[in-house]
Amino acid sequence: MNRSDFLSALIGQPWSWQSGNCWDFACHVQRALFGRMLPAVSVPSDLSKRWVLQAFDGHQERANWSEVPEGPGGLVGAQDGALCLMAHLRIPGHVGVWMRQEGKIIHCDEHAGVCFETPLALRQQGWRQLRFFEPK
């Protein structure tokens, strides 16, 4: 399956796509399109927002990725397939995958399902801080 077909088949799928969490979805995209195997994260049944924030902020996998600063005017300079950590304030609570060719981030939204959105659209939805990470 080519990239376009792969992405088209995902967009609009429900939030419960497979495991229902954004990390597992990002791992699926990384594996299918970029051949990267990322570690599974065991999500507790009593999931809290605090747990999500701490998991993104302190997970050991972050040591394998380097942050790519944004360019002028919010221009994204990260390579295709970079992880995009999203935060409403300071600490990330959501993840997606940067698709450089399309200029969009693919991610799961609990209300809309799998979405494919520009950084500007995400910022307008309240994700004020987008941080991009490339593999080392």
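Between which two strands is the loop that holds Leu89 found? Leu89 belongs to the loop between strand E2 (83-87) and strand E3 (94-99), where helices (H or I, at least four residues) and strands (E, at least two) are DSSP runs numbered from the N terminus. The structure is a predicted model, in which local features need pLDDT of at least 70 and side-chain atom pairs count only at pLDDT 80 or more, while totals for chains, interfaces and linings use all residues. Residues are numbered from 1 along each chain as its sequence is written, and side-chain values use heavy atoms, with hydrogens and water left out.

The protein contains four helices and six strands. Read from the N terminus, its elements follow the order α-α-α-β-β-β-β-β-α-β. Of the 136 residues in the protein, 43% are buried; with a 1.4 Å probe and protein chains only, buried means under 20% relative accessible area, exposed means over 50%, and partly exposed lies in between. Among contacts with a separation of 6 or more, 55% are accounted for by residues 24 or more positions apart, a contact being defined by heavy atoms within 4.5 Å.

Helix H1 (residues 3-10) packs with helix H2 (residues 22-34) at an angle of about 160 degrees, and their axes are 11 Å apart. Here the axes are lines fitted to C-alpha atoms, for helices over the stretch in contact, and angles run from 0 to 180 degrees between N-to-C directions. H1 and H2 are therefore roughly antiparallel to each other, given that angles over 145 degrees count as roughly antiparallel, under 35 as roughly parallel, 65 to 115 as roughly perpendicular and the rest as oblique. The crossing of H1 past H2 is right-handed; a crossing has this hand if the near helix is turned clockwise from the far one by less than a right angle, and is left-handed if anticlockwise. On the H1 side the contact is made by Arg3, Phe6, Leu7 and Leu10, and on the H2 side by Phe25, His28, Val29, Ala32, Leu33 and Phe34. These residues comprise eight nonpolar, one polar and one charged, where Ala, Val, Leu, Ile, Met, Phe, Trp, Tyr, Cys and Pro count as nonpolar, Asp, Glu, Lys and Arg as charged, and the others, Gly among them, as polar.

Leu7, which lies in helix H1, counts as buried at 3% relative accessibility. Apart from its neighbours within four places in sequence, Leu7 is in contact with Leu33, Met99, Glu102, Ile106 and Phe116. The C-alpha atoms of Leu7 and Ile106 are 8.3 Å apart, although 99 residues separate the two in sequence.

Two loop residues are exposed. Leu89 has a relative accessibility of 73% and counts as exposed; its C-alpha atom is separated by 7.8 Å from that of Trp127, 38 residues apart along the chain. Ser42, placed in the loop between H2 and helix H3 (49-58), is likewise exposed, at 67% relative accessible area. Ser42 and Asp24 are 18 residues apart in sequence and 9.9 Å apart from C-alpha to C-alpha.

A disulfide is a covalent bond between the sulfur atoms of two cysteines. The structure holds zero disulfides, on the criterion of a pair of cysteine sulfur atoms within 2.5 Å. Cys22 is in no disulfide, and the nearest cysteine sulfur, that of Cys108, is 7.3 Å away. Cys22 is buried, with a relative accessible area of 9%. For Cys115, the closest cysteine sulfur is in Cys108, at 8.0 Å, too far for a bond. Cys115 is also buried, with a relative accessible area of 11%.
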